[in-house]
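Here is a short briefing on the structure below.

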Amino acid sequence: MVMLSLCLALLPQGPADDRFVEIVDLPQPEGVVLEVGGILARGQQLLVSTRRGEVWQIDDAYGDAPRYTLYTEGLQEPLGLLEKDGWVYVAQRGELSRMRDVDGDGRMDELETVSGGWPLSGNYHEYCFGPTVADDGSLWLTLNKPFGPEPFGKADWRGWAIRVEPDGSFRGVAAGLRSPAGVNTAPWGDVFYSDNQGEWCANSKFAHLQIGDFHGHPHGIDSCKLPESLVEFPGDVPSGILIDEAARTIPHYTLPAVWIPYDKLGRSPAGFVWDTEGAFPPYEGHVFMGDQYSSEVMRLTLEKVDGRWQGACYPFRRGLKCGITRVAWGTEGSLWAGMTNRGWPSIGPAKDGLQRIRWKGETPCDLVEVTARQGGFTLRFTTPVDPETVAPASFAVRNWTYKHHSSYGSPPIDTKTLDVTAARLSEDGLHVELDVDGCTLTRVHEIEAPGVRSAGGEELWHAIAWYTLNAVPGA
Amino acid sequence: MRLPALLALFALVACGGDPGSGTGGGSPSFSAAAELAAVQGRCVTCHDAGSQRAARFVPHAAPSLVGIGTRATAEWLNGFLAGHYATDAAEAADLTAFLRERSGVPALAAAGIGGGQIDQGGRLFAEAGCAACHAQEPAGLATKTDLDHLAAFLVDPRTTRPDLRTHDFGLDGSQAQALAAWMLRAQLVDAGDAPPASGLICECFEMRIPAEGIPEVDSVAPSFRGRADTIDIQHRTRNLNYALRFTGSVQIPAGGAWTFHAGADDSAWLWIDGEMVVRNPGHHPFQVRSGTVDLAPGWHDFALLYTQAGGGDKLTLEWEGPNVERQAIPSAALSARTETLVPPTFGAEIDATAAARGAEAFTARRCGACHADEGFTEPAASPSLDAVLASSTGACPGATADLVAAARPALSAGAAARAPRDELHYRMLRDGCLSCHVRDGEGGMSAAAQEALVEVEDLGEEGRLPPDLTKVGHRLRRSWIEAVLKGDVDARAYVRARMPHLSDDEAVAYAALFETVDAEPGDEVEPAFSTEAAVEGRRIAGNDGFACIACHAVAGFRSTGPQGMDLAIQHERLKPVWFREWLLSPSVHRPGTRMPTFWPVADDKAKAQADAVRVWLSLGNAMPLPKGIGGSDSAYVLESDGERPRLHGAFLDGLSARCMAVGTPERTHYAYDLANARLAWLWRGAFMDAKGTWDGRAGQLIRPLGENWVTLPDGPSFRAAGGAAAKVIGHRLDADGYPIWRLQVGAASVEDQPRPRWSAEGSELVRRVTAQGGGVVLVVPPADGPVKAIVDGSPVTTGELAIEDGQTVEVIYRW
């Protein structure tokens with residue numbers, strides 16, 4: 001009840017969402033528990049792996065009466081599915097496996113271990129996410145770190161991203177991850193991951209996974225000393241320094257591409273996909289990511305500045321029925337969201353299941369992208385905005401940083417309100433150049449456009465973005 | 001000796017006509033009641049009766065008088081002795097003084113009891129069938145003793161009453177306290193005036209302890225509930241996965257800051273007046289956490305919760321405060337403060353003169369002949385038994401005239417050992433069996449006692465009353481009777497009247513007597529085993545047959561209707577000939593039974609079908625379940641649907657974090673340790689509870705449900721000739737869904753499929769192993785262990801088996 005009222009309080013002028021995107025439930029038979037760990041959407045069929053170790057084949061997934069077949073069971077917390085070379089790859093706690101249904105009866109016939117050998121301590125939180133195919137064809141996985149008892153002894157490689165080699169062995173490519181619940185490859189081949197706020201992870205984030213990088217959590221750094229590591233040992237990690245100092249002083253420390261401010265936009269980001277085909281036409285090329293707490297799908301944009309990816313995050317659609325672990329593109333311009341909240345609270349009435357977000361066709365007037373420029377930002381809108389409403393007073397900009405420390409998360413530190421000195425609208429009415437005093441590297445910039453209206457005089461669908469300024473173009 | 005039980009026996013004899021012919025076919029002159037009188041009269045204790053009679057009439061042990069004065073009041077002793085053998089009240093008072101002088105000062109104490117404990121005890125008295133022997137109003141008990149002494153007696157009656165052979169009702173501490181509280185309810189005083197009773201209410205909860213957070217103990221019924229004077233783990237009912245809760249009040253002697261130190265392995269939380277004062281969470285070795293709170297003097301609400309998941313367990317609580325150094329909280333400062341039972345007080349004085357007279361009376365009346373507790377005076381010699389019997393009066397300073405009269409026929413006639421039928425009859429009378437059970441039309445509960453019994457399942461009188469024991473030795477296997485009498489099995493959980501547990505010797509003797517007296521030639525000849533018969537028997541029991549499952553549980557799974565006796569135990573319990581007789585015509589054997597008559601005519605086809613059910617039942621608890629039963633109320637208990645195996649990936653306790661458990665329709669299961677390339681566990685019956693893997697944050701270490709659980713030797717199942725390690729590289733599922741494990745062992749690719757099969761011995765696991773690309777060695781259990789490995793009909797004695805390149809070998813695991 002508390003959660004419900006909280007949920008209502010947080011909702012923006014919600015009904016407007018249904019004008020542009022609607023939520024469609026996947027009918028679920030009595031007794032089937034879909035604590036979604038992985039979604040593979042192919043044609044009219046879904047393959048869904050669940051945290052209970054089951055894989056369900058769901059045919060006629062877009063109809064009123066989908067047909068469920070238990071493809072297999074007994075897997076250990078399968079949290080990701082990927083189709084490749086006629087096999088279905090599945091990330092289990094202790095191994096990457098691949099499965100296939102040879103006779104086509106909807107049941108798995110064989111499973112092969114592709115790679116394994118990373119140890120498990122027997123802690124519930126030692127999840128394994130992925131796989132995703134990097135541009136060299138290798139398969140990448142991210143490994144969660146444990147919380148609490150480790151009955152079989154502390155395990156190496158926890159809090160790592162690993163790369164599976166053709167012979168089934170693996171290399172540790174990046175260290176310092178905390179709870180890397182989403183990992184995927186961008187259309188251009190770079191691998192990104194999402195992480196959840198907690199100890200040594202000041203705030204939820206979306207980061208580029210590059211070989212040799214350290215993302216800040218010291219839990220598993222002893223594995224840097226193992227021969228399979230491609231990350232140099234970063235040394236003792238100091239607690240209590242600000243992010244810019246961490247970036248300067250901790251060897252191989254990597255700034256995230258986007259900080260996703262806690263409680264402003266979800267709390268626990270998870271699976272994400274790129275809209276490569278314009279399923280949601282105004283947002284083609286953008287990232288859509290689920291949140292395990294707020295039961296919403298958020299949106300991110302990226303730009304490469306000074307050789308590194310950075311960008312912004314935006315609200316997109318709230319009001320799904322449960323915390324979202326996985327998203328996957330379906331047919332009909334729809335995005336599947338797979339859900340579970342077992343073990344943590346989430347907003348919404350359900351404990352598990354699948355829903356999809358369907359694009360209805362009308363283009364909203366929306367703040368679609370923020371990019372950095374010297375002296376400020378450029379804001380792009382989906383449809384022309386009313387020139388009368390474009391003035392510095394229509395905008396508000398604040399920035400802050402975080403503290404890198406061993407405590408659970410960091411509040412925004414040193415929040416400043418910045419002066420917007422100019423707002424210039426482009427001739428097509430789609431772009432606004434904002435001149436802002438006091439933009440600062442490594443800080444999160446919250447940019448709001450509360451005064452801006454569409455050419456037709458309507459409020460924007462969303463009028464807020466959080467941009468992580470790690471570098472300034474041409475600076 | 002005028003004890004109520006004995007009076008009841010006389011009454012029974014009087015009503016039942018000549019009980020000597022009760023079991024039918026015994027010696028015509030035999031009288032079980034007379035035999036019993038001779039034994040209870042303890043005649044041969046004093047009178048030389050010759051060796052045959054001495055052996056036949058071995059006297060009952062007498063109650064122990066050691067410490068009698070510390071547990072029974074003078075008032076009660078006076079009253080008892082006046083009605084026992086004392087001639088008058090004055091002599092009784094003398095004997096009382098003597099006994100009190102010998103046994104020390106009284107030690108009765110007031111006791112705090114929890115709300116509802118008296119009612120709970122009253123319900124237990126009625127349900128358990130105590131009224132079959134005992135009066136509803138326990139005369140004089142409230143003036144005799146206190147809660148702790150009575151509860152201790154109820155748990156272990158034979159320490160003070162060695163004559164009570166059949167009074168171990170398996171009561172646990174909390175049941176005994178409740179029953180004692182009910183019996184002593186006259187001692188209840190108004191709580192407002194009561195002195196504060198020492199001790200907290202302590203409850204133990206058997207439950208899986210979550211990795212984080214405070215467990216919801218109220219979601220399970222306590223396995224122990226009673227008083228505790230100290231805060232420690234002594235009232236735990238097991239040593240893994242339990243919680244203890246202590247509730248009541250703590251008396252703060254002086255106002256000020258009080259610090260509480262709670263030490264726990266694993267967790268503890270302390271609340272004072274509802275506020276959490278100490279928090280010591282998590283699964284960890286013993287550690288102490290402290291908290292300080294300002295408290296006014298006086299009583300404050302107290303609650304302590306302790307949890308133990310695994311490993312060592314320990315709990316301590318200390319306090320320190322104004323003028324109090326750090327120390328355990330004294331018992332006097334802990335109180336349940338609910339209701340209080342106050343026993344009568346003693347007069348501390350003992351009249352030495354009276355005690356001296358009592359000593360003389362004790363000797364004169366030869367009390368020490370029976371009450372032979374150490375230190376009592378040796379009695380003077382007595383005339384021989386024959387001399388006494390020859391005298392016309394039969395007067396005896398140690399027995400009443402009635403008893404002497406009752407015993408006389410037996411003592412005069414009996415010499416040789418009793419015939420088995422007579423012996424059985426005598427024992428059943430002696431041990432009170434016939435107070436509850438009927439045999440050959442004799443005995444059974446009084447109408448009033450029957451009325452007090454509860455009906456928990458809609459199974460008619462068979463679901464409520466203790467069973468009729470007529471021809472029980474023909475119906476039940478001797479081994480089953482023995483197990484029932486020892487208290488090892490309880491087929492009728494729905495009968496709440498309690499069956500006492502007998503000593504091993506008594507149980508063996510009874511089972512042998514029932515067998516000797518009742519068994520008929522050939523009544524243990526089993527129908528021949530065949531898989532076809534087992535399949536047919538399973539069909540008959542299920543919804544496609546006669547739906548036995550409508551009223552019978554099967555292997556622990558609930559029936560679809562009333563929960564009648566579990567079918568899975570019937571092969572072990574019932575003899576085959578009786579099984580068939582019973583199935584074919586239940587109403588003939590037990591008029592009024594709820595068991596339907598399924599076959600109108602007991603022809604050959606009917607007999608064959610009844611035998612098929614028997615063959616199916618021979619698979620025991622691991623039997624394949626009939627159609628229409630199975631599943632579980634718990635969303636987490638996994639079972640095969642009877643068609644395909646269930647696969648469950650989990651952290652298995654003592655194995656590794658990468659394991660798969662395989663639960664089969666044959667209900668014969670195994671676990672494969674993927675991390676260690678090893679067939680690791682075998683078991684039967686119920687499969688797995690997935691709660692630890694599927695509930696909340698999960699990640700618990702899991703053990704199997706079911707039975708016959710064995711762990712195979714450590715180490716990988718395979719090794720290559722060159723010593724290369726074995727590695728699991730995946731699995732295939734056969735057409736029926738059974739996994740075929742694929743391993744790489746050096747150069748060899750190995751396929752390993754364990755799949756169960758039924759046999760006349762129950763079920764076994766057949767492990768089919770193929771090696772390709774090289775030879776391997778399969779490590780099998782050692783010959784002297786619980787699991788036998790059999791190849792081509794012969795046990796493997798070497799502990800391993802070479803499998804050549806290209807060879808397929810079948811190894812049977814039998815356990």
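Predicted model: local features only at pLDDT ≥ 70, side-chain atom pairs only at ≥ 80, totals over all residues.

- A:His215 sits in a loop of chain A, between β17 (213-214) and β18 (241-242).
- Is A:His215 buried or exposed? A:His215 is buried, because 26 other C-beta atoms lie within 10 Å, and 20 or more count as buried.
- A:His215 and A:Leu177 are 38 residues apart in sequence. In space, their C-alpha atoms are 5.7 Å apart.

**Where the two chains meet**
- Contact between the chains involves 24 residues of chain B and 24 residues of chain A.
- On the side of chain B that touches chain A, β18 (646-650) and β25 (726-733) of chain B each supply at least two residues.
- Which element gives the largest share of that side? The answer is β25(B), with six residues.
- Sorted by class, the side of chain B that touches chain A has twelve nonpolar, eight polar and four charged residues.
- β25(B) also pairs with a strand of chain A, namely β9 (residues 110-116). The pairing is antiparallel and runs over three bridges.
- Within this pairing, A:Glu112 stands opposite B:Gly730 of β25(B).

**A hairpin in chain B**
- Strands β7 (residues 267-272) and β8 (residues 275-280) of chain B pair in the antiparallel sense, over five bridges.
- B:Ala268 stands opposite B:Asn280, which belongs to β8(B).
- How many residues lie between the two strands of this hairpin? There are two residues between β7(B) and β8(B).
- B:Asp273 is in the turn and has a positive phi of about 50°.

**Two packed helices in chain B**
- Two packed helices are described by the angle between their axes and the distance between the axes.
- For α7 (residues 89-103) and α11 (residues 352-364) of chain B, the angle is about 100° and the axes are 7 Å apart.
- α7(B) is therefore roughly perpendicular to α11(B), since angles of 65 to 115 degrees count as roughly perpendicular.
- α7(B) brings residues including B:Leu95, B:Phe98 and B:Glu101 to the contact. α11(B) brings residues including B:Arg357, B:Gly358 and B:Phe362.
- By class, the residues of this contact are nine nonpolar, one polar and four charged.

Terms used: Residues numbered from 1 in each chain as written. Chains lettered and ligands numbered in written order. Contact = placed C-beta atoms within 7 Å. Helix = DSSP H or I, 4+ residues; strand = E, 2+ residues; numbered from the N terminus. Nonpolar A, V, L, I, M, F, W, Y, C, P; charged D, E, K, R; others polar. Pairing = 2+ DSSP bridges. Buried ≥ 20, exposed ≤ 12 C-beta atoms within 10 Å, placed from the backbone. Axes fitted to C-alpha atoms, helices over the stretch in contact; angles between N-to-C directions. Parallel < 35°, antiparallel > 145°, perpendicular 65-115°, else oblique.
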